[in-house]
Amino acid sequence: MMGASILASKSCLRTGTGLVTSLIPDVGYDIIQISLPEAIVLTGYGESYLSSARISLNKYSSIGIGIGMGNNENTYAFLKEVLEKIKIPMVLDADALNIISEHNELLDNIPEYSILTPHPGEFARLFGASINGFDRIELQRSMAIKYKIFIVLKGKYTSTACPDGNIFFNSSGNAGMVIAVWRCSNRNYHFFACSGL
């Protein structure tokens, strides 16, 4: 799903990230270089799917993983290796969340203060079903505290659970797009998430 990788990389560049590196399977090299020549592209980690994390990703100041990654044994091994090696907070979305939901032991390897961005279906697969919306918010809070992570539950009214137990709501959203900006634990975190586009 190279389109998803392109959109994520473009979003990074547009929001002022500066230097953006896209680690992709070999099959996507031409696609991303033509679409986004200003990004650095790393290949050599699998022909059709990412399958090795031989490089040191700790040198990057931020990492987003899962967008357009796919879900098979190779990407599971790749994500497992990344989560074991990387100690900086990262943003986990899409296929990273799908892989973690199938291999719940990976939750323990997510670096503290990372950001998970599930929609309600992904949230249920990750942490279990809820009886109602209130029950889901309480589960969201308890999981954020337990794993010391931020959980951005995307939807019409996005809720963001922080590791300190606070929950913030974006009451200005709509079903087509979600934008969440929050401040937790004396740290500024800004994250822009789109769903349903």
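**Figure 1. Overview of the chain.** The protein chain carries six helices and 10 strands, where helices (H or I, at least four residues) and strands (E, at least two) are DSSP runs numbered from the N terminus. This is a predicted model, in which local features need pLDDT of at least 70 and side-chain atom pairs count only at pLDDT 80 or more, while totals for chains, interfaces and linings use all residues. Residues are numbered from 1 along each chain as its sequence is written, and side-chain values use heavy atoms, with hydrogens and water left out. Of the 197 residues, 44% count as buried; buried means under 20% relative accessible area, exposed over 50%, and partly exposed in between (1.4 Å probe, protein chains only). Take the contacts in the chain with a separation of 6 or more: residues 24 or more positions apart account for 46% of them, a contact being heavy atoms within 4.5 Å.

**Figure 2. The largest nonpolar core.** Here we look into a set of 35 residues, in which Ile-65, Leu-79, Leu-92, Ile-100 and Phe-127 touch the most other members. A nonpolar core is a set of buried Ala, Val, Leu, Ile, Met, Phe, Trp, Tyr and Cys residues joined through side-chain atoms within 4.5 Å. At least two residues of this core come from each of α3 (73-85), α4 (95-102), α5 (120-127), α6 (133-147) and β6 (150-153). Apart from this core lies another one, of seven residues, including Ile-24, Ile-32, Leu-36 and Val-41.

**Figure 3. Helix α4 and what covers it.** Seven of the eight residues of α4 are buried, so this helix is largely enclosed by the rest of the structure. The buried ones are Asp-95, Ala-96, Leu-97, Asn-98, Ile-99, Ile-100 and Ser-101. Their cover includes β3 (64-65), α3, β4 (91-92), β5 (115-116) and α5.

**Figure 4. α3 against α4.** The two axes come within 10 Å and cross at roughly 90°, which makes α3 roughly perpendicular to α4. Axes are lines fitted to C-alpha atoms, for helices over the stretch in contact, with angles running from 0 to 180 degrees between N-to-C directions. Angles under 35 degrees count as roughly parallel, over 145 as roughly antiparallel, 65 to 115 as roughly perpendicular and the rest as oblique. On the α3 side, Thr-75, Tyr-76, Leu-79 and Leu-83 meet Ala-96, Ile-99 and Ile-100 of α4. Sorted by class, this contact has six nonpolar, one polar and no charged residues; Ala, Val, Leu, Ile, Met, Phe, Trp, Tyr, Cys and Pro count as nonpolar, Asp, Glu, Lys and Arg as charged, and the others, Gly among them, as polar.

**Figure 5. α5 against α6.** These axes come within 12 Å and cross at roughly 55°, so α5 is oblique to α6. Pro-120, Phe-123 and Phe-127 of α5 make the contact with Arg-136, Leu-139, Gln-140, Met-143 and Tyr-147 of α6. By class, that gives six nonpolar, one polar and one charged residues.

**Figure 6. Two loop residues with positive phi.** Most residues other than glycine have a negative phi. Tyr-113, in the loop between α4 and β5, has a phi near 70°. At 24% relative accessibility, Tyr-113 is partly exposed. Lys-148, in the loop between α6 and β6, has a phi near 55°. Lys-148 is also partly exposed, with a relative accessible area of 39%.

**Figure 7. Leu-50 in its loop.** Leu-50 is found between β2 (40-42) and β3 and is buried, with a relative accessible area of 7%. Its C-alpha atom is separated by 5.5 Å from that of Thr-75, 25 residues apart along the chain. Not counting residues up to four places away in sequence, Leu-50 touches Leu-23, Ile-24, Pro-25, Tyr-45, Met-69, Asn-74, Thr-75 and Phe-78.

**Figure 8. Ala-161 in strand β7.** Ala-161 belongs to β7 (residues 159-161) and is buried at 0% relative accessible area. Leaving out residues up to four places away in sequence, Ala-161 touches Gln-140, Arg-141, Ala-144, Ile-149, Phe-150, Ile-151, Asn-166 and Ile-167. The C-alpha atoms of Ala-161 and Ile-137, 24 residues apart along the chain, are separated by 8.3 Å.
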